Amino acid sequence: MENAPAAGRFAPTALMLGNVVTGCSVLAPAGMLPELASGLDISIRTAGLLITFGAITLCIGSPLTAWLTSRIERRTLLTATLAVLALGNIASAFAPDYTSLLVIRLVMLAVGALYTPQAAGTAALIVPIEKRGSTIAYVFLGWSLAAAVGLPLITFIASRYGWRAAYAEVGALGCLSFLLLLLCLPAGLKGAPVDLKTWVDVGRSRIIVALLAITMLQMSGQFVVFTFMGPLLRKLTDAGPDTVGLVFGLYGLFGFLGVAIATRIVDTWGPFTTSVLFTSLLLAGVAGWAVSAGSLVLMAASVAIWGLGFASTNSMQQVRLVTAAPALAPATVSLNTSVLYIGQAVGSAIGGFLFAHEMPYASGFVAAGFVALALAVVALTRPRAAVRV
């Protein structure tokens, strides 16, 4: 196969870096809500709707685009998606008003919905089956890097040079990632076509439906707080922009560490046990935020524990779905990404309501309730001894 040596050594990394761009594109407004609000003369809650409406677009776009593009060669598909993300972020830097920024974001993310599920499916095509779980987890490391490095940089740049400069930064990173993927990903890769029967088969599988429910509950809980983490820290602890950026950095750094650990242990522990561990850490962190609200040190420590679970739980969900039904992976991975974004939309909408109604302390407890319910459903999906999914 063309570029086979590069595929073996660098293609997973190129796919992972594309997730950095995708993660930054999706999460960027959370790192600069005050700057967006002041620069566009809108409320913080209205600025937060960039995440809510973006998530709605993503949750609709992910399965729809998976169906429409399932027969397209993967390198062409993924590089084109990254090109749209890069251009969309650059265009956002020049948006004259809030409405224009929102429209650009929705168009950009409608296409960008393709990247994460297709990258996971492509990763499964370029490695031996025994490495599939760890490789998918590694590709998801990009979301951790987006939070560990991207969000603090976005917060830093936006607080000093404005939100337009922050969008330009993400656009430049997208251009670099596009070139790397074009060079490293082998040509000729195609996944299984997604048709109507595929979706019917997915709906009939109880384990797949339960796994999708776990994803939605986990993300709903997190985004009740995460969307407004910066403004909440400022309101509850008087934290400044640099401190907010540091907390985002802790979140992402420990997320990176969590995925690195998950990647190492998943092939021996199994996805279920690994998922239980990291969902428990996720719950501990979110609950810690709730009970320590008002103490910057304790809240930051809780965010670090939360970070250990946030990206690793997502990657385990992908691994479990692929392992549970490999033939349905193109559909289940895209659906998992779709319900992930449903969770973001639900959580950010609830978080916006609580923030606008001056209930900052309640948000942590609402978030913990969602994650506790997710952990309960995880326990219900314990596989039989002979099957590890």
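The model is predicted. Its largest nonpolar core holds 104 residues. A search of the whole structure finds two salt bridges. Helix 12 is largely enclosed by the rest of the structure, as seven of its nine residues are buried.

**Nonpolar cores**
- In the largest nonpolar core, six residues touch the most other members: Leu 15, Met 32, Leu 36, Phe 226, Met 229 and Trp 306.
- Leaving aside residues up to four places away in sequence, Met 229 touches Val 247, Phe 248, Trp 289, Val 303 and Trp 306.
- There is also a second, separate core of 17 residues, with Leu 211, Ile 214, Val 339 and Val 378 among them.
- In soluble globular proteins, nonpolar side chains tend to be buried together.

**Salt bridge Asp 242 to Arg 160**
- Asp 242 pairs with Arg 160, and their closest N and O atoms are 2.9 Å apart.
- Asp 242 sits in helix 13 (residues 241-269) and Arg 160 in helix 8 (residues 141-161), so the bridge ties together parts 82 residues apart in sequence.
- Asp 242 has 47% relative accessibility and counts as partly exposed.
- Arg 160 has 39% relative accessibility and also counts as partly exposed.

**Salt bridge Glu 358 to Lys 235**
- The side chains of Glu 358 and Lys 235 form a salt bridge, at 3.3 Å from N to O.
- Glu 358 is in the loop between helix 16 (329-356) and helix 17 (360-380), while Lys 235 is in helix 12 (residues 229-237).
- This pair links distant parts of the chain, 123 residues apart.
- Glu 358 is exposed, because its relative accessible area is 54% and the exposed class begins over 50%.
- Lys 235 is partly exposed, at 36% relative accessible area.

**Helix 12**
- The buried residues of helix 12 are Met 229, Gly 230, Pro 231, Leu 232, Leu 233, Leu 236 and Thr 237.
- Asp 238 follows helix 12 and has a positive phi, near 60°.

**Surface patch**
- Phe 53, Ile 56, Ile 60 and Leu 64 make a nonpolar surface patch of about 340 Å².
- Phe 53 lies in helix 3 (residues 44-69).
- Phe 53 is partly exposed, with a relative accessible area of 34%.
- An α-helix has 3.6 residues a turn, so residues three or four places apart point the same way.

Technical notes
Residues numbered from 1 in each chain as written. Predicted model: local features only at pLDDT ≥ 70, side-chain atom pairs only at ≥ 80, totals over all residues. Heavy atoms only, no water. Core = buried A, V, L, I, M, F, W, Y, C linked by side-chain atoms within 4.5 Å. Buried < 20%, exposed > 50% of the residue type's maximum accessible area, 1.4 Å probe, protein only. Contact = heavy atoms within 4.5 Å. Salt bridge = Lys/Arg side-chain N within 4 Å of Asp/Glu carboxyl O. Helix = DSSP H or I, 4+ residues; strand = E, 2+ residues; numbered from the N terminus. Patch = residues over 30% accessible without salt bridge, like charges linked within 9 Å, V, L, I, M, F, W, Y side chains within 5 Å. Areas by Shrake-Rupley, 256 points an atom, 1.4 Å probe, with all protein chains shown as cover.
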